[in-house]
Amino acid sequence: MAPFPIPVSVLTGFLGAGKTTLLNRLLKDPALSDTAVIINEYGDVAIDHLLVEQVSDGIIQLSDGCLCCTVRGELVDTLADLVDRLQTGRIAKLSRIVIETTGLADPAPVLQSIMAHPALVQALRLDGVITLVDAVNGEATLDSHIEAVKQVAVADRLVLTKTDMEPDPNALEALKSRLSQLNPGANVIGADEANAVSLLDCGLYNPATKSADVRRWLGEAADHDHDHDHAHDGHDHGSHGHDHPHDSRIQTHSLVHDGPVPFSAIGMFLDLLRSTQGDRLLRMKGVIELADDPSRPLVIHGVQKTLHPPARLPQWPDAQRGTRLVLITLDMPPDYVQRLFAALTNQPAVDTPDRAALLDNPLAIAGR
């Protein structure tokens with residue numbers, strides 16, 4: 001039996017991006033042995049050559065020992081059933097779960113299902129979000145569908161598919177530039193290079209090794225000394241001469257504070273952020289140096305109003321300490337995050353209310 005928590009990878013991308021094709025290839029990799037695959041639209045599954053037998057309703061045994069689960073009810077129920085099967089011995093081993101979403105899925109509810117259910121948070125951990133982007137239709141899809149923009153914004157890995165079908169190298173570079181604007185911290189990988197090594201183990205905390213690669217997990221944005229808002233000025237981010245209205249709604253914030261902070265200050269920051277702007281918070285992840293025990297960093301991971309139970313690492317994974325948070329937001333007031341963070345960490349910021357005023361009226365900073 002694999003030790004809890006079991007890593008969960010979410011495979012998403014808009015209709016026709018090639019999710020099932022990539023999944024077929026990944027399932028042949030020995031690194032994905034003893035993996036359960038959850039697909040929430042069985043009619044779209046093209047893994048017939050891997051099927052062996054129907055174990056039970058919605059559970060299919062694959063030829064390599066993996067399981068394929070077809071979601072006919074709530075995702076939480078399927079995840080809970082897999083955990084129960086493992087705990088009761090009906091599954092001999094379960095090393096990983098991969099969830100393939102529908103092409104039209106907003107990824108936030110899927111991530112919340114993994115992180116929020118009280119019976120699952122101890123058994124599962126979100127390892128990473130892998131988003132596929134169609135090189136031929138990607139620009140048009142991002143222009144037309146906010147779901148596609150969200151899928152890109154929350155990703156840890158971006159896989160660019162069908163690059164051989166896009167004859168215009170300038171268009172391909174424009175798409176890559178746009179993806180970088182939407183999600184500067186995600187690794188962009190060509191579909192021909194995508195494999196289990198490059199796509200899996202995105203998460204901060206690996207119980208098997210008791211280690212963390214903070215910079216990789218937080219992305220390049222966290223290496224900056226100041227916060228950066230990406231794609232919020234309404235200007236063209238490609239080379240084809242028109243604005244991207246959906247892109248202007250997405251912002252990436254990198255918050256850095258040197259030195260330890262009280263747990264109460266971080267707790268208040270998270271509570272106020274979730275209560276006043278939770279629906280606009282697509283994803284949040286970070287590592288924090290706490291005043292009560294600076295030697296053991298606290299790691300946090302959240303989606304909208306859902307915060308996964310914080311975990312303490314046994315030691316710092318690198319020489320850099322302090323607090324580093326990366327937030328991806330949708331339609332949030334441009335300076336709200338920075339002003340709130342500055343107020344609660346006693347940092348100077350333009351037009352930031354003092355801490356006492358914030359505590360008296362926390363909604364004032366949100367412009368409400």
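**Reading the cavities and a strand pair**

Tutor: Start with the lining of the largest cavity. By class, it has 11 nonpolar, 5 polar and 4 charged residues. Keep in mind that this is a predicted model.

Student: How is empty space found at all?

Tutor: Rolling a probe the size of a water molecule over the atoms shows where empty space is left.

Student: How many cavities of 30 Å³ or more does the count give here?

Tutor: The count is 2. The largest cavity holds about 150 Å³ of space. Its lining has 20 residues, and the closest to the centre are Asn-183, Gly-185, Ala-186, Leu-218 and Lys-285.

Student: Which elements give two or more residues to that lining?

Tutor: Helix H8 (214-218) and strand S15 (323-330) do. H8 has the largest share, with 3 residues.

Student: What is the volume of the second largest cavity, and which residues line it?

Tutor: The volume is about 40 Å³. Ser-9, Leu-11, Leu-26, Leu-32, Val-98, Ile-130 and Leu-200 form the lining. By class, that is 6 nonpolar, 1 polar and no charged residues.

Student: Now the strands. What should I know about side chains there?

Tutor: In a regular strand the side chains alternate between the two faces of the sheet.

Student: In which sense do S8 and S9 pair, parallel or antiparallel?

Tutor: Parallel. Strand S8 (residues 157-161) and strand S9 (residues 187-190) pair over 4 bridges. Find Leu-158 and look across to S9: Val-188 stands opposite.

Student: What unit do S8, helix H6 and S9 make?

Tutor: A right-handed β-α-β unit, with H6 spanning residues 169-182.

Definitions and conventions
Residues numbered from 1 in each chain as written. Predicted model: local features only at pLDDT ≥ 70, side-chain atom pairs only at ≥ 80, totals over all residues. Heavy atoms only, no water. 1 Å grid on protein atoms, 1.4 Å probe; cavity = no way out; pocket = protein on both sides within 12 Å on 5 of 7 lines; lining within 4 Å. Points joined across faces, edges and corners; volume = space filled by probe spheres on them. Nonpolar A, V, L, I, M, F, W, Y, C, P; charged D, E, K, R; others polar. Pairing = 2+ DSSP bridges. Right-handed = clockwise from strand over helix to strand, strands pointing away.
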